[in-house]
Amino acid sequence: MIFIVKDSMGDVAKDLASGTVGGVAQLVVGHPFDTIKVKLQSQPTPLPGELPKYSGAIDAVKKTVAAEGAGGLYKGMGAPLATVAAFNALLFSVRGQMETLLRSSPGAPLTVNQQFVAGAGAGFAVSFLATPTELIKCRLQAQGASATAGVTTAAVTEAGAATTAAGAATAKAVKYGGPMDVAKQVLRSEGGVRGLYKGLFPTFAREVPGNATMFGVYEYLKQYMAGGTDTSGLGRGSLMLAGGLAGGAFWGAVYPTDVIKSVIQIDDYKNPKYSGSIDAFKKILKTEGVGGLYKGFGPAMGRSVPANAACFLAYEITRSSLG
């Protein structure tokens, strides 16, 4: 066993099951927001005098639905759905194991600072699963934006040629047929397994401090509302509030690293725009200013609060029902 043995293997099983249920709830509620976030992050910088592809989150939603239907908001969901069980099971299980390691005595509640440490450890572990999953998701989500952009460009040509050009642009833009196709193409032409781990460093920079913040804030808010370390009596509303605000704290703490992760993962392999994370950071600052590091922040926060409220509530209810 890699992990420290808890009070019983039953506790590990409960964390696995509860984390899985929480992850599914989080994904169903939050994926459309995530799609819009990635579209805003990945849209190209407009040339001088040109307007950006999307003027904001609402515009991105309207154009996505108009071009791809409501299903376009769930593009790229296959990859995280296929791994959400493993991702959240791992996240909550490692967090549980870290709690056992940090606990002063069996059953003793952890301090807020200890929850920060437990969250950081969980974030480190899930980064290895999150990186390939996020790469596949981002490629599919950004592809939708590219396809739509191709149709828009073609539309300015003569009517007869526009239809043909639009179809060709769309076909060219649609490089991947689905999650498995992304994985196959990356493995075949982008360095094998190493290609799937493109963006690992910024993923670490997001998941470690992000989860430390999220679990620390979650515990702090629960103890604050409970008036002490015994939070077992908190109702569902309080758990949702704590979970939602904790999720918002995650993004507030690490959002620029997510932008860098996204642009690195969708960057062209043969003709890369960025040589690495530091280069991406410098170029975004130079061309777009600080605001470029916060593209899509609104949808990210709009997603995080309800999605994490659903996740933590589902986790706590499932964990409690299992005894």
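Trainee: Let's start with one residue. Phe92: buried or exposed?
Mentor: Phe92 counts as buried, because its relative accessibility is 2%. Buried means under 20% relative accessible area, exposed over 50%, and partly exposed in between, with a 1.4 Å probe and protein chains only. Before we go on: this is a predicted model, where local features need pLDDT of at least 70 and side-chain atom pairs count only at pLDDT 80 or more, while totals for chains, interfaces and linings use all residues. Residues are numbered from 1 along each chain as its sequence is written, and side-chain values use heavy atoms, with hydrogens and water left out.

Trainee: What does Phe92 touch?
Mentor: Leaving aside residues up to four places away in sequence, Phe92 touches Asp15, Gly19, Phe215, Cys311, Phe312 and Tyr315. A contact means heavy atoms within 4.5 Å. Gly19 is 73 residues from Phe92 along the chain, yet their C-alpha atoms are separated by 5.6 Å.

Trainee: And which helix does Phe92 lie in?
Mentor: Helix H3. Helices (H or I, at least four residues) and strands (E, at least two) are DSSP runs, numbered from the N terminus.

Trainee: How many helices and strands does the protein chain have?
Mentor: Eleven helices and zero strands. Of the 323 residues in the chain, 49% are buried. Take the contacts between residues at least 6 apart in sequence: 79% of them join residues at least 24 apart.

Trainee: Changing topic. What volume does the largest cavity have?
Mentor: About 500 Å³. The structure holds one cavity of 30 Å³ or more. On a 1 Å grid over the protein atoms alone, a cavity is a set of points where a 1.4 Å probe fits but cannot get out; a pocket is an open set with protein on both sides within 12 Å along at least five of seven lines; lining residues have an atom within 4 Å of a point. Grid points are joined across faces, edges and corners, and a volume is the space filled by probe spheres set on the points.

Trainee: What about the second largest pocket: which residues lie nearest its centre?
Mentor: Glu99, Arg103, Lys222, Glu316 and Arg319, from a lining of 31 residues. H1, H3, H8, H9 and H11 each give two or more residues to that lining. The space in this pocket is about 880 Å³.

Trainee: Back to the helices. Where does H9 bend?
Mentor: H9 bends by about 70° at Val254, and a proline, Pro256, follows within four residues. The bend is the angle between axes fitted to the seven residues ending at a residue and the seven starting there. The end C-alpha atoms of H9, which has 31 residues, are only 39 Å apart, short of the 45 Å that a straight helix would reach at 1.5 Å a residue. That expected span is 1.5 Å times one less than the number of residues.

Trainee: How far apart are the end C-alpha atoms of H8?
Mentor: They are 38 Å apart, which agrees with the 39 Å that its 27 residues should span. Gly227 follows H8 and has a positive phi, near 75°.

Trainee: Last one. Lys137: buried or exposed?
Mentor: Lys137 counts as buried, because its relative accessibility is 4%. Lys137 is in helix H4, and the residues it touches include His31, Asp34 and Val38.
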